[in-house]
Structures are given as structure tokens and as C-alpha cells.
Amino acid sequence: MTGMTDLREVTVGTGSGLDTADMVLNIGPQHPSTHGVLRLKLVLDGERVVSCEPIVGYMHRGAEKLFEVRDYRQIIVLANRHDWLSAFSNELGVVLAVERLMGLEVPERAVWLRTALAELNRALNHLMFLGSYPLEIGAITPVFYAFRERETLQAVMEEVSGGRMHYMFNRVGGLKEEVPAGWTRRAREAIGQVRRRLPDLDNLIRRNEIFLARTVGVGVLPAADAAAYGASGPVARASGLDFDLRRDEPYLAYGELDVPVVTRTTGDCHARFEVLLDQVFVSLDLAERCLERVDQITGPVNVRLPKVVKAPEGHTYAWTENPLGVNGYYLVSRGEKTPWRMKLRTASYANVQALSTLIPGCLVPDLIAILGSMFFVVGDIDK
């Protein structure tokens, strides 16, 4: 064209021999595949991810500071909300830490009931991910099967506690109240129902060709990296880290139970999904055995405590095998009715750290498959 002397030719595209500029792309914080408000800052070369920086903190509620101005009954309601899929397990960790500091012995019936409810909560957590993960990579049907089973177990949890998500059923010294008459039988019937129907979900997705193509060999997390990042739970066990607090450092009634630990060695997205799926079967079995034992035990389900509960001066650390991994509760008391310090070590936070290693080098469509397979709840990261 005449009169234009400074024209330049710019080639935009991907592939061998083409000069392309790296693009910075934000996935989130409001994105349906980020399980809440997680932000991933990606540098892309065409369709390939060059680097990934997970940015957290958008949901930070300051729960740990709020613990310091709430008494030991009130902090339970704050603690059960950070991982909203594992509320019973979250509140359990807090009361275990307080009981340990106070030297309280919880009645045997409460111990077995707590163990049963913790395993039902684990199954509920896993079923949510078993439905949502295939959904994120294009499979719509599994979520209906997963929620059918969730509703069956959810009804049992709602009957016993009155809550569907935030149960508030743990108390320092035991449980809030005795379970309704006939509840253990109805709970076992629900478990049997779910166990019979769960193969529907298993057959639908585990060996599905499209699901296999999207997950096998994608997002491999080696065992050494999983350990280095502090990953735990299903994410770590899928990489071959054979570690489960229920078996290795038993609490509640786990010392009297045979706890099979589900592991895989490949460490890819499919292995993480398989571990989650197989753990549901294990949790149903454990819950059923606990309920059978509950029926043989009589007695109270809590210890009578004074109106104002004070933990003696000192500090303690309790850790539990939460559905998503190891949760730690560091409690420091100065003899007051409120904790001087309560620090949470949450599973999701450690699991998400590994994304900066897993994601670079993958394609953008694989990014969602990897992100979903790390099984985290953003409230659990930000607390």
C-alpha cells in the first residue's frame, strides 16, 4: 500500500516454526472448575501451559483469630465450616484437641458413634467429588448417581444431628445427645442400599473410554513430590504414599478396627479418582462395623461439664485423617475459657501447592482435569 512505509507482518498462531508471544491468562477466581474462589495465573504458549501460580486468599475469613475470642463450645461452629464437605470431621479434630488438653475420657459409646459418623461423612465428601470431577471434564450422568447415594446417607446424618452440612453434633466430652431410637438400624439399611447401588457409578465411569483418555497419564505426581509438598489423603495415596492416620496413629476407635488403606502407584488423575472411589466402599464397611458395635454398648454419649469450660494451661497437637487428607489442630491454652491460639493445618492447602509443579507443560484442556483431581475445597485453603 502506497504511503505506508512502516508496515510489519505479524504471525499469530501455534505450531513448529511460528513465533508466538506468551500470554498471561487468569483462570478464576470466579470459575466453575475452581471449586470456589481459587485463582490460577497461567503463562500460556499457545495451548500449552508454561507456568502456573495458584493465588489463594479470596475466601479468607480469619477463623483462627476468631477462635481466640470464642469459648470452646463456640469454636466448633467456626471449625466445621472451612471444609464444608467434611464438617463432622472438622469439628471432631477441634474437640479431640480440647479433650486431650483437658485429659477427658470420652464414653465408649460416644467414641464408636463418632467413628461411624466420621466414616459416613468421609463417604459423603468422596461422593461429591466422584460426581463433580467427571462433570468438569464433560461427563454429566455420574453426578446424578453420586447425588442419589449422597441423599441416602445425607438423610441418616440429618436425622441424627438436625443438619445437612454443618452438623454441630460433636461436643467437648462426647456428642450433643443420644441418637434417635432405631437410628443405627436405619443407618445400616442406608449403608446397605448405597453399597448395592454404588457399582452403577463405578461401571459408568471407571473404565469409560473417554474418561480414561482424559485422565490416564495426565497430571502425574511422583511420590517424592507428593511428600515434599506435604500432600496427604487420596492425592498422596494415589502416588504410592502408604500413609493413613487411621491405621498408623489410630484415634477414636480405629485402633480396634482393621482399616484397609487404598493406594495406587501411577499418581495420575485416574489413580486419584480410583482411590477416592475405592475408599467409599471401605468407609461404608467401617461405618457398618462401628454401628454394629454401638448396638452392643450402653451408657452415656457425653461427659457432664461445667457451664464454663476451661482448658488447663499448656499446648497440644491433635491430627486426624480427614476425607481430603491430614488435618492438624495446634491448641495453646492459658487456662482461660477461650483458646490463646488455635492453628489449623488443612489438607487442601498442601494439596494445592503441588499444582505449580503438576500443571506446567500440560495443555489447557488437561488443566481442568488436573485441577479437579487434586480434591480440595477452597474454604479449607483460606480458612
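These legends describe close-up views of one predicted model. Residues are numbered from 1 along each chain as its sequence is written, and side-chain values use heavy atoms, with hydrogens and water left out. Local features need pLDDT of at least 70 and side-chain atom pairs count only at pLDDT 80 or more, while totals for chains, interfaces and linings use all residues.

**View 1. Strand β2 pairs with β1 and with β3.** Helices (H or I, at least four residues) and strands (E, at least two) are DSSP runs, numbered from the N terminus. Two strands pair if DSSP finds at least two bridges between them. Strand β1 (residues 23-27) meets β2 (residues 39-45) in the antiparallel sense, over five bridges. Here Met23 has Leu44 as its bridge partner. Seven bridges join β2 to strand β3 (residues 48-55), again antiparallel. Arg39 stands opposite Ile55. In the hairpin of β2 and β3, two residues lie between the strands, and Gly46 has a positive phi near 65°.

**View 2. The two faces of β2.** In a regular strand, side chains alternate between the two faces of the sheet. Leu40, Leu42 and Leu44 form the covered face of β2. Arg39, Lys41, Val43 and Asp45 form the uncovered one.

**View 3. Helices α3 and α4 in contact.** Two packed helices are described by the angle and the distance between their axes. Axes are lines fitted to C-alpha atoms, for helices over the stretch in contact, and angles run from 0 to 180 degrees between N-to-C directions. The axes of α3 (residues 87-102) and α4 (residues 108-136) come within 8 Å and cross at roughly 145°. Contact means heavy atoms within 4.5 Å. From α3 come Ala87, Phe88, Ser89, Leu92, Val95, Leu96 and Glu99; from α4 come Arg114, Leu117, Ala118 and Asn121. These residues divide into seven nonpolar, two polar and two charged. Ala, Val, Leu, Ile, Met, Phe, Trp, Tyr, Cys and Pro count as nonpolar, Asp, Glu, Lys and Arg as charged, and the others, Gly among them, as polar.

View 4. Nine bridges link β6 to β7 (residues 325-333). Thr320 stands opposite Asn327 in β7.

**View 5. Thr152 and its surroundings.** Thr152 is found in helix α5 (residues 142-161). Thr152 is buried (under 20% relative accessible area, with exposed over 50% and partly exposed in between; 1.4 Å probe, protein chains only), at 15%. Its side chain makes a polar contact with the side chain of Arg197 (2.7 Å). A polar contact is a pair of N or O atoms within 3.5 Å; within protein, one must be able to donate a hydrogen and the other to accept it, and residues adjacent in sequence count only if both atoms are side-chain atoms. Leaving aside neighbours within four places in sequence, Thr152 also touches Ala190, Gln193 and Val194.

**View 6. Helix α14 and the residue Phe375.** Eight of the 10 residues of α14 (residues 364-373) are buried, so the helix is largely enclosed by the rest of the structure. Among them are Asp366, Leu367 and Ile368. Phe375 follows α14, with a positive phi near 50°.
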